Amino acid sequence: MQQIIYFIRKFRYFLLFIILEIFAFYFTIQHHTYHKSKFVNSANFITGGIYNKVNSINEFFHLKHENQLLIEENTRLKNLLERKLNSPNDKIFLIEDSTKYFQKYNYILGKVINNNFTKRDNYLTLDKGIKNGLKNDLGVVNSKGVIGVIKNVSTNYATVLSILNSNSKINVRLKNSNHFGTLVWNGKDSQILQIIDIPRQAILKKGDTIITGGKSAIFPEGILVGVIKDFHFDNNQYQQINVSLFNDMTSLGYIQIVKNLQKEEQYQLEQTTINE
Amino acid sequence: MNKLILINIVRFISLVLLQVLVLNQINFFGHLNPLVYIVWVFLFPIRKNKATFLILSFLLGISIDFFSNSGGINAAATLFIAYFRLPILKLILRKSDFDFLLFNIRGITFSKAFFFIFILTFIHHFIVFTLEYFSFNEFSAVFYNTILTSIITIILSILGIILFTKKK
């Protein structure tokens, strides 16, 4: 007994060092393994509050840019509307019936209050939380394309797993054909992402537009992603397909959170199918 | 004594805020962010009681992690250099026993202080980037980031120390 106490006394700093180091490694490994880090994230009262305060000052300098983005999006949406109006000329027989419409997605406005893009695994912080109806695994987009998926939420804040992250895998497809692939990031350039798992039958061209595939329950189909920058075709297989984003991930302001109202239904159906 | 505690608390908070609000947004050459908050570890007075120092270093690292959503990466690295600060200092000064209480980083020669900061910064950054990439395949990226970020951190830390501390 005497020996043990002597041992502990002699190595007490070393033991403290080891214990704290184990804690740190535990957080690190939890962060890398699980999709959600339970404890260490910036969606809490203090960190979120500080980011929010600083952002409200910074925001002022980006108003012009934000306005520009709004005008661009308005123009794009107006063009889409115009295209619909020109379709079949059956206005005369149109009956307004509210049951005809059904809403699958709901958009919530939010603001990025902290943005990272230089590390291997990047996260954003938003100024909206559980209070505004946010949950885990909701998609985040802006007028120019996908941004990420919500990872942690607290009462007033939320963190987002950016597409610039090694854990981010987003289902995308070519705009002109139905070939699906997965959007990943190799950690080199924040403007260039990669697509993997594109079948070799797909015909790619430089400058082809990439949009979200809608195979997952997170993003609606057809949200913009980027254009193909270059690709290699070796051994009868697409080796590396680089996509340059429409979005500038280094300057994000207002964003929209996409809530899929039928996610539970789809998920439950898929679960029962697997279990049978 | 009270003044010393106050100085260290103020330094702790201001370095965390400086790191997360300013330095994490710098992006030198597109992606390099100096981790200057470890200056706190260099400047903390050397006492017989190492426990407080170790716990505070851990808290310093974990506060940075909270802000930058990085798990326990900074906590692990900061704790590591905090524990090995004294052995490395002894190695550099080549004295087995020197005056702990009177030690001040401005009191030793510039080359020795530089070497001290260089070794601790390099170890710290190497741990941070290894844990961040968490893969042997990306060793070159880890090494490249470690070296370039270390250079910027060392320059900024030395300038900061010269500007904000009194020479003894």
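User: Which strands of chain A make up the closed barrel, and how do they pair?

Analyst: Strands of a sheet pair through backbone hydrogen bonds, either parallel or antiparallel. Here six strands form a closed barrel in the order β6-β7-β8-β11-β10-β9 of chain A, with antiparallel pairing. Strands are DSSP runs of E, at least two residues long, and helices are runs of H or I of at least four, numbered from the N terminus; two strands pair if DSSP finds at least two bridges between them. This is a predicted model, where local features need pLDDT of at least 70 and side-chain atom pairs count only at pLDDT 80 or more, while totals for chains, interfaces and linings use all residues. Residues are numbered from 1 along each chain, chains are lettered from A in the order written, and side-chain values use heavy atoms, without hydrogens and water.

User: How many bridges join β7 and β8 of chain A?

Analyst: Three bridges join β7 (residues 180-184) and β8 (residues 192-196) in the antiparallel sense. Thr182(A), for instance, stands opposite Ile196(A) in β8(A).

User: What kind of aromatic pair do Phe17(A) and Tyr83(B) form?

Analyst: Rings of Phe, Tyr and Trp (its six-membered ring) pair if their centres lie within 6.5 Å; planes under 30 degrees apart count as stacked, over 60 as edge-to-face and the rest as tilted. Phe17(A) and Tyr83(B) are stacked, at 4.2 Å centre to centre and 15° between the planes. Phe17(A) lies in helix α2 of chain A and Tyr83(B) in helix α4 of chain B, so this pair joins two chains.

User: Are these two residues buried or exposed?

Analyst: Phe17(A) and Tyr83(B) are both buried, meaning under 20% relative accessible area, with exposed over 50% and partly exposed in between (1.4 Å probe, protein chains only).
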